[in-house]
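Dear colleague,

I am handing over the structure below, together with some notes on what was found in it. Please read the notes with the model open beside you.

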Amino acid sequence: MTISIITATFNSGKTLRTNLESVLSQTFGDFEHIIVDGASRDDTMEIVKAYEPLYRGRLRYVSEPDKGIYDAMNKGIAMATGDVIGVLNSDDCFASDKILEAVANGMTKVDAVFGDLDYVSQNDLSRVVRRWKGSPFVQGYFFKGWHPAHPTFYARRECFEKYGNFDLTLNVSADFELMFRFMERYKIRTRYIPETFVKMRMGGESNRSLSKIIEGNRNILKAFRKNGYDAPRFYVVRRLAPKVVSMVRTSLKRRKS
């Protein structure tokens, strides 16, 4: 089994080395790392090319203008040759050296796997700001405010071929819509792995500001409609409440330690 890891970059020089090193550290070696760069103006591509020899043929990249992060991800999916496809954002890194091993082992008899995620400080990856704890998927969970952490989501390439890629009209919520489409609408088989897959720096595309959070939730309501479902009443409250509780709990634990 080959796993394709897609990383979209744009002026990502400050964080990219950590991303690349976390991929190279994986104990599971049957992977390809695809860098899709949006014509960066900093040293992003110089870093990619400097690391290329360490990959021993497992790194591929392209650098050209694009229409944003989901357009870049779609380009990466088109380039992917692996049996399984996942995304590791340029600001993020794997939480340990055994993540791809866990993904490969977990894919037995299922179409996708997902795990847990730690939101961490921009400047201190050991400082956890909030933990995203997942759970096994049950049909209907998306309507109750539940969904997997997208950076932990790995699906078979056949799922993208059958059910489509990221919808560029949904901007910051295209990842939610894709997982909703795969899991709720087309009912793919999934497995939750109770392990932290990714350390994600705070300040990403969907959580960098209040306006982005509002825009994201509006687009999520559109995602329901695009797939032929009515948005549940009080959905936004149901979705945001667990995140607020998680942030408070993490903050209290940090103060006690």
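Are phenylalanine 31 and tyrosine 55 buried or exposed? Both phenylalanine 31 and tyrosine 55 are buried, where buried stands for under 20% relative accessible area, exposed for over 50% and partly exposed for what lies in between (1.4 Å probe, protein chains only).

Before going further, please note that this is a predicted model, in which local features need pLDDT of at least 70 and side-chain atom pairs count only at pLDDT 80 or more, while totals for chains, interfaces and linings use all residues. Residues are numbered from 1 along each chain as its sequence is written, and side-chain values use heavy atoms, with hydrogens and water left out.

Aromatic pairs

A search of the whole structure finds 21 aromatic pairs; rings of Phe, Tyr and Trp (its six-membered ring) pair if their centres lie within 6.5 Å, and planes under 30 degrees apart count as stacked, over 60 as edge-to-face and the rest as tilted. Phenylalanine 31 and tyrosine 55 form one of these pairs, with 6.4 Å from centre to centre and 85° between the planes, which is edge-to-face. Phenylalanine 31 lies in strand β2 and tyrosine 55 in helix α2 (residues 44-55), so this pair ties together parts that are 24 residues apart in sequence. Helices (H or I, at least four residues) and strands (E, at least two) are DSSP runs, numbered from the N terminus.

Phenylalanine 176 and phenylalanine 180 make a stacked pair, because their ring centres are 6.1 Å apart and their planes stand at 15°. These two phenylalanines are 4 residues apart in helix α6, and are therefore separated by about one helical turn. In general, an α-helix has 3.6 residues a turn, so residues three or four places apart point the same way. Phenylalanine 176 and phenylalanine 180 are buried, and they belong to one aromatic cluster whose members also include Phe114, Phe142, Trp146 and Tyr229.

Helix α6 is mostly covered, with 11 of its 12 residues buried. Methionine 183 touches Phe114, Phe137, Gln139, Phe142, Trp146, Pro148, Phe153, Ile188 and Thr190, not counting residues up to four places away in sequence, where touching, or contact, means heavy atoms within 4.5 Å. Just after α6, lysine 187 takes a positive phi of about 55°.

Isoleucine 6

Isoleucine 6 is found in strand β1 (residues 3-9) and is buried, with a relative accessible area of 1%. Beyond residues up to four places away in sequence, isoleucine 6 touches Ile34, Met73, Gly76, Ile77, Ile85, Gly86, Val87 and Leu88. Isoleucine 6 and alanine 72 are 66 residues apart in sequence, and their C-alpha atoms are 9.0 Å apart in space.

Salt bridges

The structure holds 8 salt bridges, each being a side-chain nitrogen of Lys or Arg within 4 Å of a carboxyl oxygen of Asp or Glu. In one of them, the side chains of arginine 189 and aspartate 111 meet at 3.1 Å, N to O. Arginine 189 lies in the loop between α6 and β9 (190-201) and aspartate 111 in the loop between α4 (99-106) and β6, so the pair ties together parts that are 78 residues apart in sequence. Arginine 189 counts as partly exposed because its relative accessibility is 45%, whereas aspartate 111 is buried at 16%.

A salt bridge also joins the side chains of aspartate 116 and lysine 133 (3.3 Å, N to O). Here aspartate 116 counts as buried, at 3% relative accessibility, while lysine 133 counts as exposed, at 62%.

With best regards
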